[in-house]
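Hi,

Here is the structure I promised to pass on. Have a look at it first, and my notes on what turned up follow below.

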Amino acid sequence: MQAYQLSIVDAARQIADGQLSPVELTRSVLERAQEKEDQLSAYVTLAADQAMDAARRAEQEIRRKEYRGVLHGIPYALKDLIDAAGLPTTASSQVRRHHLAAADSEVAARLKQAGMILTGKTHTHEFAFGLTTPQTNNPWAPERSPGGSSGGSAAAVAYGGALAALGTDTGGSIRVPAALCGLVGLKPTYELVSRQGVVPLSGSLDHVGPITRTVADAAALLDAIATRRPPSADSYRQGLGQGWRGCASAWPAIISASISRRTSRPRSRTSRPNSPPPARRWWRSRSR
């Protein structure tokens, strides 16, 4: 297995054990991107020099026993709606082709603090207003779409141009490309992850979340970017090891709400206040 094929958790284990360096891992990812980009076009901006500089710093920190945790030295990509200081944020639109971010978005700052290495900015459907990401091809079937609007992020992770990426989701834009590229995509609870420094589509519907190869990797990213901890676990990754109760604490907007609805649902429809009438059986009404 090549280094670019590793999950975050597996790569982090090797980095912590001294079997793999951030420089080796980042070089493997960048070489893979250079090999595949002409065919797949996941990236708007590939920041190879900056990434290698960051990888060298991470390697030096780890050698000095300043290891920050599971994300330290891990290469990742940002959807090109999300600001990273000094890099363009174009939203894949010619209207913003000269826009340079003056500062990091909050999520980029959090991942930098965790020691992650930014490899570049990935394509989106223009201003995230669509579900195809037309500039990018699906890594598993290049004649097909990777989905959108976070299609560049999903394609980069799927072919090995990053071990993880952040996308945004307003109406499926993390979940659709993750599904079409064979990945894990998480739309977090509303306002669990900051949208500061992210080009908006709909402020009341936008979410920022991870696209990864495994559920554990998604939880590791969520630990870094979330503004609050899960209610009954020290971290979202820890919550994954606690069965369905741990999952409920790790994914509060999805599983906790679902469990609550199921356990409190009355047996009879007639006992539910303000419940809609039963669906009409149209084939019977037409026969009368």
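This is a predicted model: local features need pLDDT of at least 70, side-chain atom pairs count only at pLDDT 80 or more; totals for chains, interfaces and linings use all residues.

On confidence, the protein chain has a mean pLDDT of 87, with 83% of its residues at 70 or more. The stretch to treat separately is residues 243-288, where pLDDT is below 50. In the model, that stretch has 32 contacts beyond near neighbours in sequence.

Now the helix pair. Two packed helices are described by the angle between their axes and the distance between the axes. For helix H2 (residues 22-40) and helix H3 (residues 48-63), the angle is about 160° and the axes are 8 Å apart. H2 and H3 are therefore roughly antiparallel to each other, and their crossing is right-handed. Who makes the contact? From H2 it's Pro22, Val23, Thr26, Arg27 and Leu30, and H3 brings Ala48, Ala51, Met52, Ala55, Arg56, Ala58, Glu59 and Ile62. Sorted by class, that contact of H2 with H3 comes to nine nonpolar, three charged and one polar residue.

Next, the sheet. Six strands make up an open sheet with mixed pairing, and their order is S1-S3-S2-S4-S6-S5. Which strands stand at the edges? Those are S1 (43-46) and S5 (184-185); each has a single partner strand, so one side of each is left without a neighbour in the sheet. Further in, strand S4 (residues 164-169) and strand S6 (residues 207-212) run antiparallel and are joined by five bridges.

Helix H7 (residues 215-225) lies across S4, S5 and S6, and runs at about 145° to S6.

Most residues other than glycine have a negative phi, and most peptide bonds are trans. Lys65, in the loop between H3 and strand S2 (75-79), has a positive phi, near 65°. The peptide bond from Gly148 to Ser149 is cis, with omega near 5°; Ser149 sits in the loop between S3 and helix H5 (151-159).

That's my list. Over to you!

Conventions. Residues are numbered from 1 along each chain as its sequence is written. Side-chain values use heavy atoms; hydrogens and water are left out. pLDDT is the predictor's confidence in each residue, from 0 to 100. Contact means heavy atoms within 4.5 Å. Axes are lines fitted to C-alpha atoms, for helices over the stretch in contact, and angles run from 0 to 180 degrees between N-to-C directions. Helices (H or I, at least four residues) and strands (E, at least two) are DSSP runs, numbered from the N terminus. Angles under 35 degrees count as roughly parallel, over 145 as roughly antiparallel, 65 to 115 as roughly perpendicular and the rest as oblique. A crossing is left-handed if the near helix is turned anticlockwise from the far one by less than a right angle, and right-handed if clockwise. Ala, Val, Leu, Ile, Met, Phe, Trp, Tyr, Cys and Pro count as nonpolar, Asp, Glu, Lys and Arg as charged, and the others, Gly among them, as polar. Two strands pair if DSSP finds at least two bridges between them.
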